[in-house]
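Keep the 3D view open while reading.

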Amino acid sequence: MHERPPAKTDPTIIIADDHPLYRLALRLGIETLAPAALILEVDSFESLRRMAQQTRTVDLVLLDLMMPGAVGLSSLQYLRDTFPQLPVAVVSSLPTRSWLRLAQSLGAVAYIHKSATPEQMVAILRRVLAGEPGWPAHGDPVIDDSGTAPLDRLSPQELRVLLQLQGGRLNKQIAGRLGISESTVKTHVSAILHKLGLSSRTQAAVLAQQLLTTELR
């Protein structure tokens, strides 16, 4: 279930966003590229969860991180954990690269900023429907690259390990989930503590929990 099928001209796509006008904009963008696509719309995380479970084959989810029930990055994590073969493109008004990198570390395939022009949106959708990543480049005006947020000091793999620390997971558990060795996890945890100025693994686990479950603003 939810294994990604071979490329086809009539994909099934779920638009998960609580703003009707933005859902319409996404729908029009998809219909421009794939007129025969089956487009399903939901306006809350709970309705998305039910639809993802009930729909036999889904080729793409366009996920608004701030719709009702989508707290922090937990909605993205749920989809990636439950349906690991299901491509998820994040749709958000969050402009900071730190959040973009966190979404990327959780396995999202693209990021569509809500201030993107219709042409920019369609360009990203075209790449995603072709099976390619759709991430804004450095210097993209909709992404704030200024400042040096602490999370920006972490490598992509360190971000993945940090988010896996939630709930007190052991190195062995994290290694199994990420497909790396326990010694590599240990090395990454040490680097995370050093780069973020944390004194314990518990503090890192608390930070991971906050990132995953704190309402985004």
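In which hand, left or right, does helix 1 pass helix 5? The crossing of helix 1 with helix 5 is right-handed. Note that this is a predicted model.

**The helix 1 and helix 5 pair**

Helix 1 covers residues 20-33, and helix 5 covers residues 118-129. Their axes come within 9 Å and cross at roughly 55°. That angle makes helix 1 oblique to helix 5. On the helix 1 side, the contact is made by Y22, A25, L26, G29, I30 and L33. They meet M121, V122, L125, R126 and L129 of helix 5. By class, this contact holds nine nonpolar residues, one polar and one charged.

**The sheet**

Strands of a sheet pair through backbone hydrogen bonds, either parallel or antiparallel. Here five strands form an open sheet in the order 2-1-3-4-5, and the pairing is parallel. Strand 2 and strand 5 (110-113) are the edge strands, and each pairs on one side only. Neighbouring strands of this sheet are turned against each other by 20° on average, direction ignored.

Strand 1 (residues 12-16) pairs with strand 2 (residues 38-42) over five bridges, in the parallel sense. In this pairing, A16 stands opposite V42 of strand 2. To get from strand 1 to strand 2, the chain goes through helix 1. This β-α-β crossover is right-handed.

Strand 1 also pairs with strand 3 (residues 60-64). That pairing is parallel too, over four bridges. Here I15 stands opposite L62 of strand 3.

How does helix 1 run relative to strand 2? Helix 1 runs at about 170° to strand 2. Helix 1 lies across strand 1, strand 2, strand 3, strand 4 (88-92) and strand 5.

**Two further helix pairs**

Two packed helices are described by the angle between their axes and the distance between the axes. The table sets out these values for the helix pairs in this report.

| Helix pair | Axis distance | Axis angle |
|---|---|---|
| Helix 1 and helix 5 | within 9 Å | roughly 55° |
| Helix 2 and helix 3 | within 11 Å | roughly 10° |
| Helix 7 and helix 8 | 8 Å | about 105° |

Take helix 2 (residues 45-54) and helix 3 (residues 74-82). Angles under 35 degrees count as roughly parallel. Helix 2 and helix 3 are therefore roughly parallel to each other. F45, L48, R49 and Q53 of helix 2 meet S75, Y78 and L79 of helix 3. The contact has four nonpolar residues, two polar and one charged.

Now take helix 7 (residues 171-178) and helix 8 (residues 182-196). Which way do these two helices lie, roughly parallel or roughly perpendicular? Helix 7 and helix 8 are roughly perpendicular to each other. From helix 7, the contact draws on N171, K172, I174 and A175. Helix 8 supplies E182, V185, K186 and V189. These residues divide into four nonpolar, one polar and three charged.

Key: Residues numbered from 1 in each chain as written. Predicted model: local features only at pLDDT ≥ 70, side-chain atom pairs only at ≥ 80, totals over all residues. Heavy atoms only, no water. Axes fitted to C-alpha atoms, helices over the stretch in contact; angles between N-to-C directions. Parallel < 35°, antiparallel > 145°, perpendicular 65-115°, else oblique. Left-handed = near helix turned anticlockwise from the far one by under 90°. Contact = heavy atoms within 4.5 Å. Nonpolar A, V, L, I, M, F, W, Y, C, P; charged D, E, K, R; others polar. Pairing = 2+ DSSP bridges. Right-handed = clockwise from strand over helix to strand, strands pointing away.
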